[in-house]
Amino acid sequence: MHFEEKIILNKALFSSLFNGEIQCFNSPSSAYRTRAEFSIYHDENNKIHYAMHENKKKIPIQKFEKAEKVIQEFMPILLENINEKLAHKLFGIEFLSTKLDLSVTLLYHKNIEEIFEDLKKISCDLNIKLIARSKGKKIVFNGENLRQELDINGKKIFYEFNNECFIQPNTYINEKMIEWVLSCIKKDEKKDLLELYCGYGNFTIALASNFNEILATEISKKNIEFALRNCILNDILNISFVRLSSEELSQAFEKQREFNRLKNINLDTFNISHVLVDPPRAGLDENVIKLINKFQNIIYISCNPITLKNDLEILCNTHKIIRFAFFDQFANTPHLECGVYLTQK
Ligand SMILES: C[S@@+](CC[C@H](N)C(=O)[O-])C[C@H]1O[C@@H](n2cnc3c(N)ncnc32)[C@H](O)[C@@H]1O
């Protein structure tokens, strides 16, 4: 689906809540996806091909134009180098790219220890970060952490993560989203920021110089490990990253439960002027809405317009939508990413 069609459909969806101007951010129509996952099709001559599922059928494909250029260019090279032993019982290949790195994951229905030497050789020959996985086993060659360098309003920001982290699927649009969030924060209003669903600090790191203190929370241990590392990479000292689910964070603010993970943090000392949320597709639960609607400014990044609409219907009892943006994060698909900035009525 083209962005123009998505814009029309989604403007109509939100028309009862917002009738101001919606900012629209276009993505390149191809070569934008940082992650590409394929099945493997074994033909009658024992040759392997990348494949995708369509109507429960595995369809071999020659190329995948949505993937970033580095992935597209590497796809045929990898296949040429996969020998018979490596091809046997290979059922999937995943690519993850950044501006600086590429990692390849091979998925097997067999004991990967048996092909250890072949895996090692291909990772050396092609000089790639290679991960092999089979049920309950993972072997990593050349490391699995990827470095990323974002350009935010002309400033370079550095990140490290691996493919166990949540990663925004379109780097170009990710930079635009971060810049849009920054543009919602007026310098004179800045105090402290509360962020939920912070991942490895994708937004947090870029926002650090705009706030006095930041409390950023997230459910995944891996994401928090990288978030802490990303503070060091960017010389940032004013963010407290804490592994807490949104449910736990609500309990902590309500003083319903004490958390060891918050033992060095006094929630009462924060003077929160802004809340940033970027939840999974399911949106916000009732308790999170109750928690965030106490604060003056809310910035909501959403990958699901339907749950966003439900949540905005409640948030609009206490807040007013000031700005709205559509980001074509998933170009040429029906999916749409939205950004909404609300302030207390
Ligand atoms: C859409 S991602 C956004 C991540 C980050 N903001 C970014 O830009 O990379 C949602 C994040 O919420 C986390 N998450 C999922 N359920 C959660 C929950 N119940 N409480 C806290 N975090 C959760 C996921 O691990 C994921 O990192």
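This briefing looks at the ligand and the residues around it. Please keep in mind that the model is predicted. The ligand is surrounded by 17 residues, and the space that the ligand takes is the largest pocket.

**The shell around the ligand**

- The closest of the 17 surrounding residues are Gln168, Asn202, Glu218, Ser246 and Asp278.
- By residue type, the shell is made up of eight nonpolar, six polar and three charged residues.

**Polar contacts and burial**

- The side chain of Asn202 has an N or O atom 2.9 Å from an oxygen atom of the ligand.
- In Asp278, too, the side chain takes part: an N or O atom there is 2.9 Å from a nitrogen atom of the ligand.
- Ser246 contributes through its backbone, where an N or O atom lies 2.8 Å from a nitrogen atom of the ligand.
- The ligand taken alone exposes 590 Å², and the protein buries 88% of that.

**The pocket and its elements**

- As the ligand's space is the largest pocket, here is where the shell comes from: α6 (202–207) and α8 (246–253) are the elements that give two or more residues to it.

- An unreviewed UniProt entry lists Gln168, Tyr197, Glu218 and Asp278 under "binding site".
- Among these residues, Gln168 is included in the lining of the largest cavity.
- Tyr197, another of the residues listed by UniProt, is found in the loop between β11 (192–196) and α6.
- Gln168, Glu218 and Asp278 from the UniProt list are also among the residues closest to the ligand.

Conventions: Residues numbered from 1 in each chain as written. Predicted model: local features only at pLDDT ≥ 70, side-chain atom pairs only at ≥ 80, totals over all residues. Heavy atoms only, no water. Near = heavy atom within 4 Å. Polar contact = N/O pair within 3.5 Å; in protein donor to acceptor, adjacent residues only side chain to side chain. Areas by Shrake-Rupley, 256 points an atom, 1.4 Å probe, with all protein chains shown as cover. 1 Å grid on protein atoms, 1.4 Å probe; cavity = no way out; pocket = protein on both sides within 12 Å on 5 of 7 lines; lining within 4 Å. Sits in = over half its atoms within 2 Å of the grid points. Helix = DSSP H or I, 4+ residues; strand = E, 2+ residues; numbered from the N terminus. Nonpolar A, V, L, I, M, F, W, Y, C, P; charged D, E, K, R; others polar. UniProt positions renumbered as here; feature names shortened; annotations may be inferred.
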